[in-house]
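Thank you all for making time this morning.

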Amino acid sequence: MSVTLMLCSYGGAAASAAAAATQAKPRLVVYAGGESPGIEVQSRADATHLRGAPKSFKRFIGRKAQRLADQSTCSYAYVGVTVERLRTDGFAVGGVNDCGGYAALWAVVHGHWKEIQGTQEIWSCAILKGHHVPSSVAGDTCYDYKAQRVRHYHHR
């Protein structure tokens with residue numbers, strides 16, 4: 001018995017897979033630094049200022065900011081979302097504000113942007129490790145709630 005293996009080449013799937021691999025290299029976009037706290041988004045329209053961000057992230061943050069603005073009763077403080085850093089493969093960090101606020105960590109989970117942690121403390125090691133959040137977005141420390149201590153964190 002003989003088995004013949006035939007390899008075929010055509011432009012369809014192979015070409016689009018190659019194009020996806022080329023585009024898949026993640027880029028870090030830093031919006032905060034110096035005098036800038038980051039990009040402040042208070043409405044859907046403001047999300048256009050997130051240069052270099054994927055369209056899906058702009059939509060996600062624009063909707064979040066618009067919901068905050070629409071539901072807020074705060075008239076004396078900043079209401080919106082501030083984006084500090086974003087990695088184009090599905091991670092971002094910033095702040096959510098509505099007469100007070102918290103630090104937010106966002107990631108693509110099952111194909112959709114989602115807030116994976118909101119805190120006024122240090123990031124949870126379990127969250128960072130569970131979502132493979134890069135240190136370039138989350139920083140290099142986290143809190144291990146099981147051991148009750150701050151730990152060094154590193155993930156590419």
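Does Arg-87 count as buried or exposed? Arg-87 counts as buried, because its relative accessibility is 13%, and by buried I mean under 20% relative accessible area, with exposed meaning over 50% and partly exposed in between, using a 1.4 Å probe and protein chains only.

Before going further, please keep in mind that this is a predicted model, in which local features need pLDDT of at least 70 and side-chain atom pairs count only at pLDDT 80 or more, while totals for chains, interfaces and linings use all residues. Residues are numbered from 1 along each chain as its sequence is written, and side-chain values use heavy atoms, with hydrogens and water left out.

Let me turn to strand β3, residues 79-87, where seven of the nine residues are buried, so this strand is largely enclosed by the rest of the structure. Helices (H or I, at least four residues) and strands (E, at least two) are DSSP runs numbered from the N terminus, and two strands pair if DSSP finds at least two bridges between them. Strand β1, residues 28-30, pairs with β3 in the antiparallel sense over three bridges, with Val-29 standing opposite Leu-86. Strand β2, residues 39-41, likewise pairs with β3 in the antiparallel sense over three bridges, and here Glu-40 stands opposite Thr-82. With strand β4, residues 91-98, the antiparallel pairing of β3 runs over eight bridges, and Gly-80 has Asn-97 as its bridge partner in β4. Three residues lie between β3 and β4 in the hairpin that they form, and Gly-90 in the turn has a positive phi of about 120 degrees.

Next, the charged side chains. Side chains of opposite charge can pair when their charged atoms come close. The structure holds three salt bridges, a salt bridge being a side-chain nitrogen of Lys or Arg within 4 Å of a carboxyl oxygen of Asp or Glu. One of them joins Arg-87 to Asp-89, with the closest N and O atoms 2.7 Å apart, and Asp-89 is partly exposed at a relative accessible area of 34%. In another, Lys-64 meets Glu-115 at 4.0 Å, N to O. Lys-64 lies in helix α2 and Glu-115 in strand β6, so this pair ties together parts that are 51 residues apart in sequence. Lys-64 is buried, at 18%, whereas Glu-115 is partly exposed, at 26%.

Which aromatic residues link up in a cluster through ring pairs? They are Phe-57, Phe-60, Trp-106 and Trp-113. Rings of Phe, Tyr and Trp (its six-membered ring) pair if their centres lie within 6.5 Å, and planes under 30 degrees apart count as stacked, over 60 as edge-to-face and the rest as tilted. A search of the whole structure finds five aromatic pairs. In one of these, the rings of Phe-60 and Trp-113 have centres 6.5 Å apart and planes at 25 degrees, so the pair is stacked. Phe-60 lies in helix α2, residues 55-71, and Trp-113 in strand β6, so this pair ties together parts that are 53 residues apart in sequence. Both Phe-60 and Trp-113 are buried.

Finally, strand β6, residues 112-119, also holds Ile-116, which is buried at 11% relative accessible area. Contact means heavy atoms within 4.5 Å, and the residues that Ile-116 touches, not counting those up to four places away in sequence, include Leu-105, Trp-106 and Val-133.
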